[in-house]
Protein chains: 2
Amino acid sequence: MVEWEQQAFLKDTHHKKNEEYFIEKYLKPLSKKNESFPIPNGDDSSLINFNSLISVDSFVEGQHFPKDLDPFFIGYRSIAVAASDILAMGAKPEGCLLSITINKPSDEWFEEFSNGINEFLEQHKMSLLGGDITKGNLNIGVTVVGKTNNKILKRDGAKVNENIFISGSLGRGYLGRLKYRELDTKLNHFLMPKIPIHDIDKIREVASSCIDVSDGFLIDLKRILISSKVGADIFINENFCTNGKEDLICGDDYVLCFTSNLDEKDLTKILPDAHYVGKIIKEQKLDVFDQKKNRLNFNKLGWDSFI
Amino acid sequence: MVEWEQQAFLKDTHHKKNEEYFIEKYLKPLSKKNESFPIPNGDDSSLINFNSLISVDSFVEGQHFPKDLDPFFIGYRSIAVAASDILAMGAKPEGCLLSITINKPSDEWFEEFSNGINEFLEQHKMSLLGGDITKGNLNIGVTVVGKTNNKILKRDGAKVNENIFISGSLGRGYLGRLKYRELDTKLNHFLMPKIPIHDIDKIREVASSCIDVSDGFLIDLKRILISSKVGADIFINENFCTNGKEDLICGDDYVLCFTSNLDEKDLTKILPDAHYVGKIIKEQKLDVFDQKKNRLNFNKLGWDSFI
């Protein structure tokens with residue numbers, strides 16, 4: 001079982017002054033549902049004018065990526081990570097806008113950076129739509145847009161007895177960050193995250209709720225649980241936790257976590273890379289079990305800039 | 001006449017390594033026109049999925065606003081300034097997303113900041129749609145969205161012999177920034193820019209091209225001239241240049257500059273706050289005359305972060 005404080009966290013997101021605290025207390029009250037914006041904010045992306053999804057993300061030097069990182073990878077991963085929020089709503093990212101803050105722009109920097117951006121956009125048939133450049137400490141703001149389909153995945157759709165799946169294994173981004181100078185860059189999931197764009201049409205059909213795992217599997221799953229007013233039992237194994245239980249909280253995964261009424265066998269027939277990780281339960285708590293059915297403890301559920 | 005180098009600038013935006021240089025050389029080539037994004041980037045906002053306009057802006061402490069500025073005004077003016085780009089396309093801003101980078105978030109800061117955001121949103125019937133908070137030097141990223149109407153205003157629609165208008169007088173934002181500790185805050189156009197949302201439906205009907213004046217009247221007008229492949233003669237007077245010719249290049253105005261085939265008398269009947277400022281000419285140059293018909297010189301056309 002996660003520690004008492006973390007269990008309290010399931011019901012009360014206000015006890016620590018983290019990102020969620022400030023968003024819940026000061027920003028969400030400014031959100032008004034209306035005809036153009038039918039979904040209140042709180043999901044990974046916002047729906048506008050009935051057919052567009054939009055999401056924003058910022059990437060700060062020294063915080064989200066190391067200071068000496070090659071600008072190619074700053075570009076590539078910023079778009080990949082931001083695009084992951086559109087996938088989380090069951091849609092494909094189609095375009096993006098960039099807001100680049102940089103102290104000393106140079107041709108060398110922009111050449112590398114724009115090559116990284118271009119590599120991701122070309123791979124995924126996306127377009128750069130606009131943006132601005134301004135002076136200051138390096139900060140890459142990415143706005144991604146996508147077009148909705150017949151169904152939008154949200155965090156509040158998980159139902160009791162449904163199964164919980166992830167679209168790929170955990171811990172690869174964390175490992176890639178630790179070893180970003182050593183690993184083959186093309187295979188490094190931190191430098192060049194492979195987000196499940198090719199699977200999104202299938203995931204959308206079978207999923208009842210969805211989130212992308214960016215801050216850590218447990219903290220992101222918790223967001224589904226709170227929105228859906230349910231709990232979960234998680235059963236870990238080395239197929240998706242290759243580095244052990246720390247993979248549940250390390251973040252930088254950019255896989256999708258989703259719930260479905262399909263069982264493991266039927267789901268992995270459709271989505272061979274996906275893993276069964278647990279079950280939705282009625283009681284609003286979150287327990288994690290190892291393969292010997294021992295309950296595991298965690299000091300934190302994931303990553304937060306401020307704590 | 002503006003200096004030779006500036007005249008060259010009318011044809012070649014690549015001679016100085018400023019924001020425009022890096023955007024033109026490295027980012028615009030990544031932009032692809034397609035069904036979802038029918039307008040190539042380069043205008044103030046981008047059109048997505050046929051009916052939504054979107055624009056991004058970043059505001060950096062010490063660069064766009066002084067370090068000691070009350071967070072209320074950081075919030076208010078960030079949204080106002082970003083929303084101005086939606087107006088420039090002839091549409092009303094409807095919602096926004098915030099990407100806040102801050103080193104030490106506190107309740108005091110967020111309370112003031114969110115009050116400023118809320119004041120602008122309430123005044124203009126807009127909604128906050130989402131966003132994120134991350135750790136780093138203060139940087140407010142704003143994404144604004146609007147819905148298109150029957151007509152979209154672009155920079156490339158100005159035609160020879162049309163008249164050039166601005167929706168309000170120049171220099172008020174610059175004055176407000178100089179005296180931000182002294183002036184009544186409600187009247188300070190730097191702290192609380194009054195953008196012409198209430199006039200936008202009328203402006204859309206009469207205008208053939210449009211841009212918002214943010215970096216400086218001359219540099220922003222130049223962007224219309226380049227896009228439309230025309231030139232302009234500007235005739236200044238104290239009605240719209242209350243502090244003299246410097247008002248043409250000071251920036252922070254957040255008025256709209258637009259072209260129309262209406263004459264001054266007919267246009268100001270419809271838009272009493274607007275000023276006639278000059279005429280579109282065929283020759284691709286930009287001249288500014290005072291009331292005695294003397295040609296005026298300028299060392300620069302406006303503000304740029306990097307030069």
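Helices (H or I, at least four residues) and strands (E, at least two) are taken here as DSSP runs, numbered from the N terminus. By that count, B:Phe235 sits in strand E8 (residues 231-235) of chain B. The model is a predicted one, so local features need pLDDT of at least 70 and side-chain atom pairs count only at pLDDT 80 or more, while totals for chains, interfaces and linings use all residues. Residues are numbered from 1 along each chain as its sequence is written, chains are lettered from A and ligands numbered from 1 in the order in which they are written, and side-chain values use heavy atoms, with hydrogens and water left out.

To stay with B:Phe235 for a moment, this residue counts as partly exposed, at 34% relative accessibility. Along the chain, B:Phe235 and B:Gln291 are 56 residues apart, yet their C-alpha atoms are separated by 6.9 Å.

Aromatic side chains come next. Searching the whole structure turns up 24 aromatic pairs over all chains. For this search, rings of Phe, Tyr and Trp (its six-membered ring) pair if their centres lie within 6.5 Å; planes under 30 degrees apart count as stacked, over 60 as edge-to-face and the rest as tilted. In chain A, the rings of A:Trp109 and A:Phe110 have centres 5.1 Å apart and planes at 80°, so this pair is edge-to-face. A:Trp109 and A:Phe110 are both buried. In chain B, the rings of B:Trp109 and B:Phe113 are stacked, because their planes are at 20°, with the centres 4.5 Å apart. Helix H4 (residues 107-123) of chain B carries both B:Trp109 and B:Phe113, which are four residues apart, about one turn of the helix. B:Trp109 and B:Phe113 are buried, too. Ring pairs also join residues of the two chains: A:Tyr21, A:Phe22, A:Tyr26, B:Trp109, B:Phe110 and B:Phe113 are linked into a cluster.

As for charged side chains, there are 32 salt bridges over all chains, each being a side-chain nitrogen of Lys or Arg within 4 Å of a carboxyl oxygen of Asp or Glu. One of them joins the side chains of A:Asp68 and A:Arg181 (2.8 Å, N to O). A:Asp68 lies in the loop between strand E2 (52-60) and helix H3 (71-87) of chain A, and A:Arg181 in the loop between helix H5 (172-178) and helix H6 (200-206) of chain A, so this bridge ties together parts that are 113 residues apart in sequence. A:Asp68 is partly exposed, with a relative accessible area of 45%, whereas A:Arg181 counts as exposed at 63%.

Another salt bridge in chain A brings A:Asp156 and A:Lys154 together at 3.6 Å, N to O. Here A:Asp156 is partly exposed at 42% relative accessible area, and A:Lys154 is partly exposed at 25%. Over in chain B, B:Asp266 forms a salt bridge with B:Lys269, the closest N and O atoms being 3.7 Å apart. Helix H8 (residues 264-270) of chain B holds both B:Asp266 and B:Lys269, three residues apart, about one turn of the helix. B:Asp266 is partly exposed at 34% relative accessible area, while B:Lys269 is exposed at 62%. Chain B also has a network of salt bridges, which links B:Glu20, B:Asp215, B:Asp220, B:Lys222 and B:Arg223.

Some charges lie in a surface patch instead. A:Asp70, A:Glu108, A:Glu111 and A:Glu112 form a negative patch. Patches are made of residues with over 30% relative accessible area and no salt bridge, with like charges joined within 9 Å and nonpolar side chains (Val, Leu, Ile, Met, Phe, Trp, Tyr) within 5 Å.

A:Tyr254 is not a glycine, but its phi is positive, at about 55°. A:Tyr254 is in the loop between strand E8 (231-235) and strand E9 (255-260) of chain A and is buried, with a relative accessible area of 5%. A:Lys293, again not a glycine, has a positive phi of about 65°. A:Lys293 is in the segment after strand E11 (286-289) of chain A and counts as exposed, at 70% relative accessibility.

Note on methods
Accessible areas come from the Shrake-Rupley method with a 1.4 Å probe; for residues, only the protein chains shown count as cover. Lys and Arg count as positive and Asp and Glu as negative; His and the chain ends are not counted. The place of a charge is taken as NZ of Lys, CZ of Arg, CG of Asp or CD of Glu. Buried means under 20% relative accessible area, exposed over 50%, partly exposed in between (1.4 Å probe, protein chains only).
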